[in-house]
Amino acid sequence: MLHQPVIGTPRDRVDGRAKVTGAAPYVADFAARSPILHAHMLGSPIARGRIRAIRTEAAEAVPGVVAVFTHENRPSAAFRGSAYQDQVAPPGQPLRPLHDDRILHSGQPIALVVAETYEAARFAANLIEVSVAEEPCHTDLAARLDAARHPSKRRSGIQPPPSPKGDAAAALDAAPVRVQGRYIHGAEHHNAMEPHATTVIVEEGGRLLIHDKIQGVTNTQEYVCSVFGLKKDDVRVVTPFLGGGFGSGLRPHHQCFLAVMAALALGRSVTLVLSRDQQWSIGHRPETVLDVALGAKPDGTLLAIRQEAIAATSSYEEYQETVVNWVNLLYPAPHVLLDHRLVHLDIETPLDMRAPGAPTGLFAAESAMDELAEKLGMDPLALRIRNHADTDESSGKRHTSKELLAAYQLAAARFGWAGRPLAPRAMRQGRELVGWGMATGAWEAQMQKHQARVLLEADGSATVGVATGDLGTGTYTILAQIAAEELGLPMERVTVLLGDSSLPYAPVSGGSWTAASAGSAVADACARLKAELLRLAQAQGEMLGASLEDIRFAGGRMARWSDAGRALPLGGVLRAAGRDRLVADGKAGPDQLTQLRHSSHAHAAAFAEVRVDEELGQVRVTRVVQAVAAGRILNPKTARSQVIGGTVWGIGMALHEESQADHRLGRWMNHNLAEYHVPANADVEGIEVIFVEERDRLTSPIGVKGLGEIGICGTPAAIGNAIWHATGRRMRELPMTVERVLGLKAPRA
Amino acid sequence: MPDDLAPRPPGLLTVPLTVNGAPRQLHIAPWTTLLDALRDGLGLTGSKKGCDHGQCGACTVILDGKRVNACLVLAASKEGSEVRTVEGLASADGTLHPLQQAFITHDAFQCGFCTPGQLCSGVALLEEGHAGSEAEIREWMSGNICRCGAYPNIVDAIREVASR
């Protein structure tokens, strides 16, 4: 029997049919399946102040309206702010919806209307009259840079900036070649296609079945139990499909609180879907100002690195992400100063957004490297290779693996980089200037504690269960591949269950850790199942004296490698043992010894071609080649889609996306998809993805590093560098809109 | 506010429609959108509400042969019309529409939330004859946002079906 590998081969998504037929249920879809009340949220019209009075009589009089909740009649919920802290909460006091009359950001929920129909709830919400005592608000980061300070408490799970090395200021002053600049990117909102929503089904006995737009059902379960004083047995959270996460669904949001609150108070099922503009009350990638300076020898060797970031956070939480570490992860220098500070503004707390911090820091660092290459008269790729770090310079640890040099080489060859003229404005086609740029991407390979269960039936089929979710990442598919490969079953014989808090524990799915963590837990469960199968077989007098390494599992059978002719069907082993099914539990988590000694990252080399209309300043990204070194690739088909998706996000960050605020009102202005631009089909031309062979036995038991974030990390800088190469104009602010490309817009700060 | 002056929602209308080949009766308020009528009234939740403003395309259905954003159509204004949704693309025996199969083969989606709209748009685009080149497909599919960024694969899937 020939071994037919499942892992590492391109496979269609196992949930594909459900998704192309409209059968896959998302949060709001569950509401159409049973009698349910519809809720509509009302957000604050001001950014800071107090609610003086709120009149709900007219809303309550609308036929079909069942209840209107405000801070004045809010049913009981936890008082202490710590009760609202979820798995990934930053330090501070989370917002307690409808807690009191205090307004901390525009759009903060101030009322909830619950009605028999969606139309009645929405209509009635418009009839609520709110009188507010407005206080002066501050939402403009550029105007408050002098208020920047270090967070009072570090956020768990986030790498703080490393301690300074040497004397960066003096080394920069003395450096033969030096560049410095201020880089800024605006606020971005995730805008997953599925709006934030929660559907709460009140079951017999008062137990709650919650469908929440969350990237980890256990986070919602723990939050709801903590806030409403419920037992885990009485709260089950089931979210089998998520219409995109990108970090927006890491934390349980106020719509979850409100829907559960209303369902508990009324004893009836409730659904609450936030409108698109209300997505702007949830959280965002914070506006960040970065000052960067690089000093080098004439041959390009870096002598000094300084990168100082100032980012926005809310008045009530200290949101932190890893922004400044990346430059020193990639490049060594004897003198390094890295710093990250926060400014408290009257905005909602920022929220992890795809590769939080990485494209922010790398846009600045990799643009500055390009400026340094220009000043040195050096090829930008050669400059990076000259400064390539064999170890993680930010921590001093060895890498578990790092095939970045191979990634550079493969991407450059595929792109045709060798033909690039050094000078800008050297390529033109018709009225368009053509430019080529490149940048490096990096993202930490992480693991989180996961559990998994595998169940083998006597008919030879298997079911895998993990509480983690599939955000569109392909988790259903890769876990089916892993179980099929490990147990030697055809993929069609494996069913994967995800997104249910009654399944074995998993934390939120984020940080690119799910494939490595959930995948390793499933592999572990399969190994335990196989050991049990061998024990059963040996109890039946078969395969005596053999250990698990002597047995191969393939085609639904088990046999000694040395005696392939005598193969036992797995179902037969179960039946002979008088068992209908066999269950095994597995687990996986970070290895502390490895973490102590090693640093583990996925790397990418992003090469971009842009065409810029010289008169109109319009930019087209006509080609991106992205070579990714991320350990073992489980499914090249879904993996490629992940990297394409990340690259499209990089195009959006580079050219389109920015939430703009009216700072007098403290409100986001362009809170809709017509004015907040995300890439559309016509914005995306050729994207090529190359996976670099990278064997890594340390990063995770299955050798996987994760792919959710790596595609975006280097892309904005690569596009900015390409725009410079096309036009000769340096892009230090994102998004690189027409007026910036034409040099018609003053810097923000 | 005195009761007789309070704004009141209007009463219900009965609207006959053909949905995926079957005659259906909607009992709806005049302000109900086609999208909400399909989802809440008929339980056809394949069509998605992504923005409710005609800006994202997730609710795209085929109305009398043309693709429309169902969130921008008042259901009551379409009495007697024929609506085709994602649930109506496959054959009665479950055989997928060639574009549905091509979406799976080319991995033309990730989270799947925009997919029903992409498929309805793609099917109508093929019938309209707007799938002549990659550039044409990209342009005519730009009313359907895919935040996962599956655009290159969507184009490949439509190209494959168009070339048959």
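## Helices, a sheet and a chain contact

Helix H13 of chain A lies across strands S19, S20 and S25 of chain A, at about 140° to S25(A). This is a predicted model: local features need pLDDT of at least 70, side-chain atom pairs count only at pLDDT 80 or more, and totals for chains, interfaces and linings use all residues. Residues are numbered from 1 along each chain as its sequence is written, while chains are lettered from A and ligands numbered from 1 in the order in which they are written.

Helices (H or I, at least four residues) and strands (E, at least two) are DSSP runs, numbered from the N terminus. Axes are lines fitted to C-alpha atoms, for helices over the stretch in contact, and angles run from 0 to 180 degrees between N-to-C directions. Contact means C-beta atoms, placed from the backbone, within 7 Å.

**The sheet.** Four strands of chain A form an open sheet in the order S21-S20-S19-S25, with mixed pairing. Strands S21 (494-497) and S25 (581-588) stand at the edges with a single partner strand each, so one side of each has no neighbour in the sheet. From one strand to the next, the twist averages 20°. Two strands pair if DSSP finds at least two bridges between them. S19 (450-457) and S20 (462-465) of chain A run antiparallel and are joined by four bridges. A:Leu455 has A:Thr463 in S20(A) as its bridge partner.

| Helix | Lies across | Angle |
|---|---|---|
| H12(A) | S19, S20 and S21 of chain A | about 140° to S21(A) |
| H13(A) | S19, S20 and S25 of chain A | about 140° to S25(A) |

**The core.** A nonpolar core is a set of buried Ala, Val, Leu, Ile, Met, Phe, Trp, Tyr and Cys residues joined through C-beta atoms within 7 Å. Buried means 20 or more other C-beta atoms within 10 Å of the residue's own, with C-beta atoms placed from the backbone. The largest core has 296 residues, and A:Val260 is among those with the most contacts inside it. H13(A), residues 514-539, gives the most to this core, with 12 residues. Not counting residues up to four places away in sequence, A:Val260 touches A:Val200, A:Leu208, A:Ile210, A:Val224 and A:Phe228.

**An enclosed helix.** Seven of the eight residues of H4(A), 118-125, are buried, so the helix is largely enclosed by the rest of the structure. Among the buried ones are A:Tyr118 and A:Phe123. The elements they pack against include strand S1 (37-43) of chain A and H1 of chain B.

**Between the chains.** The contact takes 54 residues from chain A and 53 residues from chain B.

Methods:
Two residues are in contact if their C-beta atoms, placed from the backbone, lie within 7 Å. A residue is buried if 20 or more other C-beta atoms lie within 10 Å of its own, exposed if 12 or fewer, and partly exposed in between; C-beta atoms are placed from the backbone.
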